[in-house]
Every structure is written in structure tokens, then in C-alpha cells.
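Here's a quick tour of one structure, taken a site at a time. Have a look at the sequence and the model before reading on.

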Amino acid sequence: MKFDIVAKDSNARAGVIQTAHSTIQTPVFMPVGTVGAVKSLDALDMKETLNANIILANTYHMYLRPGSKIVKEFGGLHGFTKFDRSFLTDSGGFQAFSLRSNTKNDDGGIKFKSHIDGSMHYFTPKSVLDTQYDFGSDIMMILDDLVALPADKKRVELSLHRTIKWAKEAIDYHKFKQSQGIGVNQNIFGIIQGGTDYEARKKCAIEISQMDFDGLAIGGLSVGESNQEMYDTVEAVMPFIDKNRPRYLMGVGTPEDLVENVERGVDMFDCVMPTRNARNGTLFTSFGKINIKSAKFINDHMPIDPECQCYTCKNYSRGYLNHLFKARELTFFRLASLHNLHYYLNLMKEIRESIIKGEFTKFKIKFYAKRNIQK
């Protein structure tokens, strides 16, 4: 993987990531394809309609079904899904966290019960990489120990101990496997934990940055803390994260979160919000969110957002989408998801252009002004 920074505006960065499968302009939002598909959309939608150059797939879910060996037989995720651009796969650690009633962490890894059939499994720093080698993903995330917030100091310290220990095991194992000709075109990102504790984040960031990861991620945010706590934590930890590698804020978030964290130096984001909200009738626009199921849209001939150039807005009205939602027509999920993802991807494109022009601050002021939000 190659990463170049082409422009900076204060701490905001515009860059280019080159993987074996695509060129990715940053800052970038990665649509989430949990089980190898972005919900209601296919590879052609992602490539031809949305022009997404990287999407995320989930190791936990794909490991359980259909299994990594099946995916490998089809030529990895690229052959299996027919999305021939870049894939990032997470480690499954977040799912272990979110399904924690069925999990138990120890110093060796994470033991969990399948939500599908109740079978027991054990993720280790090495096993999650073996799974991702089968997937052939362009960027692999390591196993980390995630904690809910707020968390007491003792739990945060334990999380740091495990996260750093597992990171060392993962990078050593990855280098060993590459020496055997496995995963030579796959990249590995380390993850920084520490809750909202400044000293914990600083320690973890320094330790992880000293390891030979291709990129560095900030994990363990947007898990119970306030938005301002998230922003403050990102801002505080940034000076300790190597500036020459891509910086990825995991699982975040709203359009406002993207703008705020790009300003603080983040290059990569992912979140289920655009597609999940789409399925529930909440659509993102340049002037904020609208709820398409509202009765006021029944006879509305306007597109979702008059400023939007997505496939849905160029072809369909709010009134039609209101009808589709109320009829529970499956077409709604596709059209709404195309719109919300286009909004997110286009937002990142506009942010990037503003950074290159040295006008990010002007962009941010306009962004909030349209929403009538003081910032």
C-alpha cells in the first residue's frame, strides 16, 4: 500500500491511498457491507452508480457464514462479491463487544458464542488474520480489546495491556506470513484504544505507532461518550499518531462527526448510519435530515434534496419515496440507500476539494450554516 498526502489545511489532510485493487482519495467514507454486501445494493451499484473505491466487510459475520474457506474458494471477497475494488475487513472485535453477553475476553483473545447456532469460537490475534488472509482483503484490522464508555481506570488499563500485546503478536505474525508468500498484497492497521483517558490514549498511540503497521486506527469511540468527548479525545491523541500513515476513526458517524474529525486530521471513516437510517426512512440532505414517512411529503414533487445529483434525486420524488416506504416496497431500501451513501461520499469529495483549495474553514462554516447550527 502506498499513501501520499497531497494537501493540508491546518490539520485537515487530503491524500491518496493506493492498494492492489484501487486508488482511494482521502478523506474517505467507507460504506459498510457487513456480510459481503452493502444492504440492498450490489457491486454494480457500488461501482457504477456510487463510484465507491473501498467498502468494509465484517470478519465476525463472514467467518460464521459462509466461512472463510468458502470465500477463499470463490477468489476471496473480490471474486465472491464481484466488487473488484478495495475491501477493508475488521477483526470481529467490535461484534464481540456489541454481543458481549455471549463473549468472554482473556489475555489470549475473545471467546464467543455464535448468534446463529450457539456454537463456541475463539478469536486470537493470529486466527483473525488467518481468516482475513482467506478473504484477501486489502486492509486487515487487528484484534483489539474494546470497552464501553464510561469505563473505570482499571478496565481501561486492562484494555491497553491486551490491545498492545495483541498488536505485537499480530504484526509479528503478519510479517512471518508475508515471508512465506501469504498476504503479500494485504495491509494491516493497528488500533489505538484508551477510552477518553488522555494518558491511556497517549501511551497506546505511541506504542502502536512504533510498530510497523501500514495504517493506524482510533478505536473505542462512539460507544457511549458524548460527541464533544469524542472530538476532544481525537484531538488530544493526534499528536502521538504517526502523520505519515493513514489515520482511521472506526465506526463514526454522522455528517457532523465526519467534518469535525477531518478537521482534527482523520483520513478514513466507516459507519452503518447512512444505510441503516435509509431503511428507517431518515434521509440526509445538505440542509439536515428529513423523515420521508412524514405525511407532509405525500404530494411533494421535489427530489429528496434539490442540490443532490444522485440517481434517486435525479429520477424520483419525495412523494413517490413516501409511498414506497409506507407500502414497505423493497425498492425503497435501494433508492434510499443510494441517496444516503451518495450524500456521504459526495460530502467527503467536497471536503477534499476544500482542503486542496485551502478553504476547509470556509466549507465548514457553510456546512453548518445550511443546517442553522452554530459552531
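Is H339 buried or exposed? H339 is buried, with a relative accessibility of 0%. Keep in mind that this is a predicted model.

## The annotated binding site

An unreviewed UniProt entry puts a "binding site" at C308, C310, C313 and H339. These residues span 32 positions in sequence, but no two of their C-alpha atoms lie more than 8.5 Å apart, so they gather at one spot. Of this set, C308 and H339 are part of the lining of the second largest pocket.

H339 sits in helix α14, residues 330–356. Leaving out neighbours within four places in sequence, H339 touches L283, F284, I304, D305, C308, C310, T312 and C313. C313 belongs to helix α12, residues 311–315, and is buried at 9% relative accessible area. With the neighbours within four places set aside, C313 has contacts with P303, I304, D305, C308 and H339.

## N322 in helix α13

Next up is N322, found in helix α13 (residues 318–326). N322 is buried too, with a relative accessible area of 3%.

Skip residues up to four places away in sequence, and N322 touches I292, K293, S294, F297 and I298. Take I292: 30 residues separate I292 from N322 in sequence, yet their C-alpha atoms are 5.5 Å apart.

## Helix α6

The buried ones are P125, V128, L129, T131, Q132, Y133, D134 and F135. Just past α6, G136 adopts a positive phi of about 70°.

Definitions and conventions. Residues are numbered from 1 along each chain as its sequence is written. This is a predicted model: local features need pLDDT of at least 70, side-chain atom pairs count only at pLDDT 80 or more; totals for chains, interfaces and linings use all residues. Side-chain values use heavy atoms; hydrogens and water are left out. Buried means under 20% relative accessible area, exposed over 50%, partly exposed in between (1.4 Å probe, protein chains only). Helices (H or I, at least four residues) and strands (E, at least two) are DSSP runs, numbered from the N terminus. Contact means heavy atoms within 4.5 Å. UniProt positions are given in the numbering used here, feature names are shortened, and annotations may be inferred rather than shown by experiment. On a 1 Å grid over the protein atoms alone, a cavity is a set of points where a 1.4 Å probe fits but cannot get out, and a pocket is an open set with protein on both sides within 12 Å along at least five of seven lines; lining residues have an atom within 4 Å of a point.
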